[in-house]
Amino acid sequence: MLRHRLEATGAVLVEGPKWCGKTTTCLQLAQSVLYMAQPDIREQNIMLTDMQPSLLLQGATPRLIDEWQIAPKLWDAVRFEVDQRDEFNQFLLTGSSVSPSFTDITHTGTGRKNIRS
């Protein structure tokens with residue numbers, strides 16, 4: 001189902017509780033990965049999200065952005081990039097069921113991200 005959804009849209013959001021297999025499942029399809037929670041670069045990733053999020057989106061596609069909700073501004077950056085590339089199979093976003101802060105998000109992502117576990 002994940003492969004099918006990714007082939008029909010630019011980005012797919014996979015949500016669920018911690019340790020349910022979100023990342024492991026997405027890694028089977030991903031060609032590159034950004035681990036937002038990686039301890040030694042977590043703060044750097046958050047700063048880059050504020051300064052130049054497009055740098056974090058670079059990489060082979062589909063690009064997995066694991067725990068995207070750590071830096072909610074990534075949501076709009078992914079949406080913008082999907083619109084600019086105008087291609088399917090671009091991004092996989094995983095996030096734990098802990099809700100992100102939506103104060104920095106300006107777009108719902110309708111039509112771009114469409115799966116939850």
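Q: Which residue in strand 3 is the bridge partner of Leu34?
A: Ile65. Strands here are DSSP runs (E, at least two residues), and helices are runs of H or I, at least four residues, both numbered from the N terminus. The model is predicted: local features need pLDDT of at least 70, side-chain atom pairs count only at pLDDT 80 or more, and totals for chains, interfaces and linings use all residues. Residues are numbered from 1 along each chain as its sequence is written, and side-chain values use heavy atoms, without hydrogens and water.

Q: How many bridges join strand 2 to strand 3?
A: Four, between strand 2 (residues 32-35) and strand 3, which run parallel. Two strands count as paired if DSSP finds at least two bridges between them.

Q: How does the chain cross from strand 2 to strand 3?
A: Through helix 3 (residues 42-51), in a right-handed β-α-β crossover. Right-handed means that, with the strands pointing away from the viewer, the path from the first strand over the helix to the second runs clockwise.

Q: And the other neighbour. What stands opposite Arg63 in strand 4?
A: Phe91. Asp66 stands opposite Thr94 in strand 4. Strand 3 and strand 4 (residues 91-96) pair in the parallel sense over four bridges.

Q: What is the order of the whole sheet?
A: 1-4-3-2, open, with parallel pairing. Strand 1 (11-16) and strand 2 are the edges.
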